Amino acid sequence: MILGIDVGGTHTDAVLVENYQVRKKAKVLTDNSNIMASLLAASQNISLQENLKNIKRIVLSTTISTNAIVQNKIDRVGMVLLSGPGLSPATLKSSTDSFYVSGYINHRGIEIKPVIEQEIKDTGEYFRNENIQKIGIVGKFSTRNPQQELSVAKILRNNNRQFSLGHRLSGHLNFPRRIATAYLNAAIDRIYNDFVREVGLFLREIGANIPVYILKADGGTILIDQSISYPVQTIHSGPAASIMGVLATTAIKEDAVALDIGGTTTDISVFADGAPLLEASGVTINGNKTLIRGLYTKSIGVGGDSIICIKNGEILVGPLRDGPAAAFGGTYPTLTDAIIVLGMAALGNPQKAIAAIQPLAAQLKTDIISLSQSILDKAIAVITSNVRKVLSAINNQPVYTIHELLEGKTIRPQSVYVVGGPAAAMAPSVARSLGYPYHIPEHSEVTNALGAALARTTAEVTVLADTEKEVLTISEEGIFRKIPHTFSSAQAIEAGKEALKQRVLRMGASIDDLEMEVTEVQEFNMIREFYTTGKNIRAKIQIKPGLISACNIG
Amino acid sequence: MKNKTRKTGLIFFPAFDWAISETHPEREERLLYTQDQVLEEGLLDLDNIREFKPGIATYEDINRAHICVPDAQSITTQSHLISAGGAITAAQKVLTKEVDNAFALVRPPGHHAMLVAHGARGFCNINIEAVMIEYIRKNFGIKKIAVVDTDCHHGDGTQDIYWNDPDVLCISMHQDGHTLYPDTGFINDFGGPNALGATINIPLPPKTSDEGFLHVLDHVILPILDDFRPEIIINSAGQDNHYSDPITDMCFSAHGYALLNEKLAPHIAVLEGGYSIEKALPYVNVGIILAMAGLDYSAVREPDYDPDKIRQSMDITRFIESESQEIILMWNDRYNMKAKIVGSAGYVRRSKSIYYDTDGIREKQMETVRVCNDCGGLVMIESAADTGKKIFAVILPGTCCPECRRNGEMFFERLSGGQYNHIYFQDREKDVFIVK
C-alpha cells in the first residue's frame with residue numbers, strides 16, 4: 001500500500017492505494033499554521049492506523065515551498081556571483097546582498113580569470129556582519145566547470161552557513177536562471193527544513209518507520225532526507241501532482257491535453273505519447289525564471305470562482321476572484337453560479353446563484369438561462385483558445401537541426417482529460433470546441449494525492465565530454481574528471497547513465513524504475529586550423545516522469 | 001549607460017547537422033559556442049527578445065533572386081532553404097511589426113552567391129539576403145532597400161544581383177581585395193550604367209581596427225544612407241573582421257561590432273561569415289543581439305581583448321580617411337557620371353569570369369544592359385560554365401519601364417534553344433519566372 005497526501009493551500013487530501021486501486025480517500029481543511037495537524041486529520045479519515053503495517057511508502061506533495069516564495073516568507077540570502085563578460089550585471093535582478101566577484105569560466109569550461117581569495121573573504125565578512133547564513137554561489141558556465149563555485153564555498157565555509165551552488169541545481173545553461181534558482185533554494189532552506197521536521201514528528205506520532213517521499217515540480221519523487229539540500233525542486237508540486245494524477249487515473253498513451261479547472265485558474269498541461277511535457281527551460285515562479293525542471297503547465301485566469309462582469313456589453317469571466325461562488329455565500333456572480341443556474345450541477349444554494357446572475361441578465365436585457373449559457377460559452381472559448389495557443393507555441397518551438405525542423409514531432413492531441421470542480425459541466429463543450437473526445441478521470445477530488453502516491457523518482461543528468469581538453473563534466477552530480485582523447489559518444493552516454501542511476505537510487509528510486517531516455521545527444525568535430533583536434537559531445541539523459549511499475553506497488 | 005530598448009526577433013538556426021565537408025570552416029560546430037553563450041546569458045528570457053523558428057524558403061522564392069543552373073533544386077539542399085527561410089522569417093516579423101528589428105543568426109551563409117548560380121562559391125549556394133529582399137518587395141510593396149555588408153569578404157554576390165538596380169543600395173566594407181578572397185570590391189566598382197552609386201565598395205587595409213571601421217561608418221555609410229533614404233536597412237553581418245578570425249587579417253572587436261550595429265540600426269541583420277567560432281562569435285553575436293535590442297553591451301568583451309594590442313597604425317588611419325573622402329566625392333558626383341561612362345551607347349556590356357571555389361566550377365559571362373533613364377534597365381546574360389552548361393537569361397528590373405519590358409519580352413520570345421541548355425525569363429516587377 002502507498003499513502004499519498006497532498007497538502008494544498010485549502011485542503012489536505014489523502015489516499016491509500018493498493019495495486020493502482022484507491023482503497024480509502026479523505027479530504028480535510030488545511031491548517032496552514034499546523035501542517036502536522038492537517039496530516040494527522042487526513043490520516044485519521046482514512047483509518048491509517050489499521051493499515052499502517054501494510055504501507056510501503058508515503059508520498060507528499062506540498063505547497064510549502066511555493067507558498068514561501070509567493071508569500072515572500074523567505075530568508076535573506078547572500079549571493080556570490082562570478083559573471084565574467086556578457087550581459088551587464090545591471091540588467092540582472094540583484095539585491096544589496098549580491099556581490100559580483102572576479103573569476104570567470106568560459107563556454108568551454110576553461111578558467112579565464114581566477115577567483116581572488118581576499119575578495120571572497122571580504123564578502124564573507126559582510127555576510128557575517130549582516131548575519132546572513134544562507135549563501136548562493138553561482139558562476140557563469142559553472143555547469144561546464146564547477147571548480148570556481150567550489151573554491152568560493154571552501155573559502156566561505158563555516159558551521160553556520162548553508163550553501164546553494166549553482167551547478168548542482170541544474171546542468172542547463174542560463175546564468176540568470178541559475179542565479180534565481182540558487183537564490184530561491186537558499187531563501188526557502190529554513191522554512192522547508194522546518195516542514196521536513198514536522199513530517200518527522202508526524203511519523204513519530206503515528207509510530208511509522210516508512211520511507212517518505214516528496215513530489216518535485218517535474219512530477220517525480222525524492223526521498224525527503226535527500227530533498228533537504230535542494231528544497232527549490234519541490235516548488236509547483238501541486239500542479240505536478242494534478243498532472244500525475246491524470247496519468248494515474250487514466251490509461252493515457254496518446255498525445256493529449258489535460259485541464260485542471262480549479263477555483264481561480266484553469267491549468268493546461270500537455271502529454272506527448274502519454275508522457276507529460278516538461279517546461280523547456282525551467283519553472284517560472286512568482287515572476288522568477290528558474291532552471292527547475294518542471295512539468296509544463298499554463299495557468300489561465302478562468303476558474304469556478306471567477307467573477308463575471310459586463311464590460312462594454314461584453315461578458316468577462318475572471319481573472320478576478322473574491323471568495324466562493326454566490327451559491328456558497330460569496331458576494332459576486334461566478335462561473336459556478338452560471339453552471340448551477342443551468343442545472344448542470346446540484347451544488348450550494350441555487351436561489352443565491354440565480355439572485356447573483358439576475359442583475360447581469362437585466363443589464364444585458366436577457367434572461368438568466370441565456371446569460372448563464374453565454375457565460376459558460378465564454379469561459380469555454382477562453383479555455384479552448386488558450387489550449388490552441390499552447391499547442392501552437394509547443395509545436396513552433398525553435399529547433400536547431402535540419403532533421404528536427406523537417407521531421408520533428410508535432411503534438412496532435414487525441415483527447416482532453418478534465419479534472420476539477422466544474423469538470424463535468426464543462427468537459428463536453430470544451431471537447432466539442434477542440435474537436436477531440438473528453439475523459440473525466442475517476443477520483444478527481446483526490447487527483448493530486450493519487451498522482452503523488454504513484455509517481456516514480458525522476459532525474460536528469462547533463463553530460464559534456466570535451467576530448468580536446470580531455471574532460472568529462474556531469475554538472476548535477478559534480479563530476480569533473482579526465483577522459484582519454486578517444487572518448488566516444490557511446491562512452492559519454494554510458495557515463496551519463498551510470499551517474500543518473502547513482503543519482504536516482506540515492507533519491508529513492510526503485511531498481512525496477514530505472515527506465516532511462518537519452519533526450520539529446522550531439523557530437524561535434526572540433527576543427528582548429530583545418531584539422532580535427534577533438535570532439536565536443538553533449539548528452540542529456542533522464543528518467544522521465546511516469547508511474548511506478550506494478551511490481552513495487554505495495 | 002541609458003538605452004531605449006527595442007523588440008528584437010532572433011531566428012537562430014545553427015544547422016547542427018550540416019557542413020560543406022568534414023573539416024570545412026563552414027561546419028556544424030560553427031555556431032555551437034554562440035548558442036552556448038546566448039543560452040548562458042539568458043538572452044531568450046529577456047522580455048524584448050523573442051526567438052522564432054525559421055520558415056523554409058521555396059524554389060519560387062529563390063527564382064526571384066537567382067538564375068539557378070539548371071534549376072534551384074539542383075544547387076540547393078534543405079540547409080540552404082532553411083537559412084534563406086530564416087532570413088525571410090526575420091523580414092516577416094519586422095514588416096508585420098511583431099518586432100522592431102530581427103537578427104537571422106543562420107547558416108550556411110549567402111553573400112557570395114551571384115545572380116547566375118551554377119554551384120557554390122565562397123561557401124555560398126544561394127544569396128539569402130537577396131532571396132529575402134525579393135520576398136520583401138513582392139509581399140510588402142517596399143521599393144528602396146539598403147544592404148550594408150560588414151563581412152570581411154567583399155559581398156560580391158549581393159553586388160552582382162543588384163548591380164543594375166538603382167533601388168537597392170549595396171554597401172560593402174571589407175578587407176582589400178588585393179589581399180583576400182574574392183579579390184574584388186574596389187571603389188570604382190560603383191554600379192551598372194543605370195544604377196551608378198547604388199553599389200558602394202569600401203576596401204580597407206589589413207589590420208584595420210575599431211577606429212577605422214567606425215570612421216567609415218560615420219563618414220561614408222551613414223551619410224550615404226541619409227541621402228539614399230532606404231525604407232529598410234539590412235545588415236549582412238559577417239563576423240570575420242574580428243581580430244581572432246583565422247582566415248582574414250583584420251582587427252575589429254566584439255565591442256566594435258556592437259557599436260557599429262547600434263549606430264547603423266539595421267531593421268534586419270543576417271549572419272554571413274565569421275570563423276573564429278570560440279574566441280569571437282560568442283561575444284560578437286551577444287554584442288549584436290544586445291545592441292539590436294537596445295540593451296547595455298558594455299560588458300561584452302572577449303576574454304583576451306586588449307585594444308592597444310590591435311590598434312591600427314597611423315598610416316591605416318590616414319589611408320581610410322582619404323579613401324572615405326574620395327568615396328563621398330564619387331557619391332556626390334554620381335548623377336554626372338552616367339554621361340561620362342555610357343556616352344551615347346544604347347547598350348552596355350561587361351564580361352565576367354567567375355570561379356566557384358567551393359564547387360570548382362569556372363564560368364564565363366557576358367552581361368548586356370539596356371541604357372535607360374526610366375528604370376534599372378533590361379539585363380541579358382549569356383553564361384557558359386565548364387560543366388558544359390550554357391544558358392541565356394532575360395531579366396526585367398523590379399521597376400521596369402515599358403520600353404525595357406517590350407524589348408525584354410521580344411528578346412525572350414525570339415530566342416530559341418539551339419546553343420543554350422536553358423533560356424530564362426525573370427520579371428522581377430511582375431514576379432514571373434519562365435524557363436524554356
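**Two chains and their contact**

Chain B folds into 13 helices and 16 strands, helices being DSSP runs of H or I with at least four residues and strands runs of E with at least two, numbered from the N terminus. This is a predicted model, where local features need pLDDT of at least 70, side-chain atom pairs count only at pLDDT 80 or more, and totals for chains, interfaces and linings use all residues. Residues are numbered from 1 along each chain as its sequence is written, while chains are lettered from A and ligands numbered from 1 in the order in which they are written.

Trainee: What share of the 436 residues in chain B is buried?

Mentor: Here's the test: a residue is buried if 20 or more other C-beta atoms, placed from the backbone, lie within 10 Å of its own. In chain B, the buried share comes to 57%.

Trainee: And which element gives the most to the side of chain B that touches chain A?

Mentor: Contact means C-beta atoms, placed from the backbone, within 7 Å. The contact takes 39 residues from chain B and 38 residues from chain A. On chain B's side, S1 (8-13), H1 (32-40), S2 (49-52), H4 (78-95) and H9 (281-292) each supply at least two residues. With six residues, the top giver is H1(B).

Trainee: Switching to chain A, how many helices and strands does chain A have?

Mentor: Chain A has 554 residues, and 50% of them are buried. Its C-alpha atoms fill a box of roughly 75 × 55 × 50 Å along the principal axes. As for the count, chain A has 17 helices and 27 strands.

How values were computed
Contact = placed C-beta atoms within 7 Å. Buried ≥ 20, exposed ≤ 12 C-beta atoms within 10 Å, placed from the backbone.
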